Amino acid sequence: NLNLSDYRPTRMNEGHGERIERFRALYDVAYPRVMAYSLRRARTREDALDVVSETFAVAWRRFDDIPEDERRIPWMYGVARRVLANHYRATSRKDQLAARIENEPATTTPEFDAIHEALDALRPDDREILTLSVWDDLDNSEIAVVLSVAPSAVAVRLHRARERLSRELGRLGVSGAKSMKSEERSRTPHGVYGNKPGPGEVERS
């Protein structure tokens, strides 16, 4: 667990208690969204909890770097993204995914499965930008913060990713899919498994 008493403020004009209160305000706003982000991408709930804990530890250490405007949640996503990548860097995703799918009962609709199959066929950067847009409900400027690129680059990449997804869906015989959004959207494609959020761990609808 993160022990705030172990740290000291870096701003000369801010007391330790004031800094902790500002951090707690950020935590209250960001925790549900960072938790939902991590649950949808981590292989287990325990991994997601570890990612969230490390993300907020990083946020405390770099508290002065966090934007104070609407970019702060995308900034937190960017940290969680890097923490998650580091968490799984040395492990084999493909074998674990195959074992998971083999033992997992089919509980999703055909259209939902087709969308995930199409996502699995895309390049990792296409999958990531699509899921940030649809599952995490970020706009182009927010995605730009997460990926550390320009918003104009996000617009181009997102357009191309949507076109590639549409082609994959067409190849699978799916036309006019309702949406990538779903009540069952906690299953994240291609080696990042996802877990259903619990109470208090749900993002904005």
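A residue counts as buried when its relative accessible area is under 20%. With that cut-off in hand, let's walk through this predicted model. Of the 205 residues in the protein, 42% are buried. The accessible surface comes to about 11300 Å², and carbon and sulfur atoms account for 50% of that area.

Next, the fold. The protein has 8 helices and 0 strands, so if you trace the elements from the N terminus you will read α-α-α-α-α-α-α-α. Take the contacts between residues at least 6 apart in sequence: 73% of them join residues at least 24 apart.

Now let's look at one pair of helices. Two packed helices are described by the angle between their axes and the distance between the axes. For helix α6 (residues 124–134) and helix α8 (residues 151–171), the axes come within 9 Å and cross at roughly 105°. An angle of 65 to 115 degrees counts as roughly perpendicular, and α6 and α8 are therefore roughly perpendicular to each other. On the α6 side, Asp125, Asp126, Ile129, Leu130 and Ser133 take part, meeting Val154, Arg157, Leu158, Ala161, Arg162, Arg164 and Leu165 in α8. Sorted by class, this contact has 6 nonpolar, 1 polar and 5 charged residues.

Is Val52 buried or exposed? Its relative accessibility is 4%, so Val52 counts as buried. Leaving aside residues up to four places away in sequence, Val52 touches Tyr31, Val34, Met35 and Ser38. Of these, Ser38 is 14 residues from Val52 in sequence, with a C-alpha to C-alpha distance of 6.9 Å.

Definitions and conventions
Residues are numbered from 1 along each chain as its sequence is written. This is a predicted model: local features need pLDDT of at least 70, side-chain atom pairs count only at pLDDT 80 or more; totals for chains, interfaces and linings use all residues. Side-chain values use heavy atoms; hydrogens and water are left out. Helices (H or I, at least four residues) and strands (E, at least two) are DSSP runs, numbered from the N terminus. Buried means under 20% relative accessible area, exposed over 50%, partly exposed in between (1.4 Å probe, protein chains only). Contact means heavy atoms within 4.5 Å. Accessible areas come from the Shrake-Rupley method with a 1.4 Å probe; for residues, only the protein chains shown count as cover. Axes are lines fitted to C-alpha atoms, for helices over the stretch in contact, and angles run from 0 to 180 degrees between N-to-C directions. Angles under 35 degrees count as roughly parallel, over 145 as roughly antiparallel, 65 to 115 as roughly perpendicular and the rest as oblique. Ala, Val, Leu, Ile, Met, Phe, Trp, Tyr, Cys and Pro count as nonpolar, Asp, Glu, Lys and Arg as charged, and the others, Gly among them, as polar.
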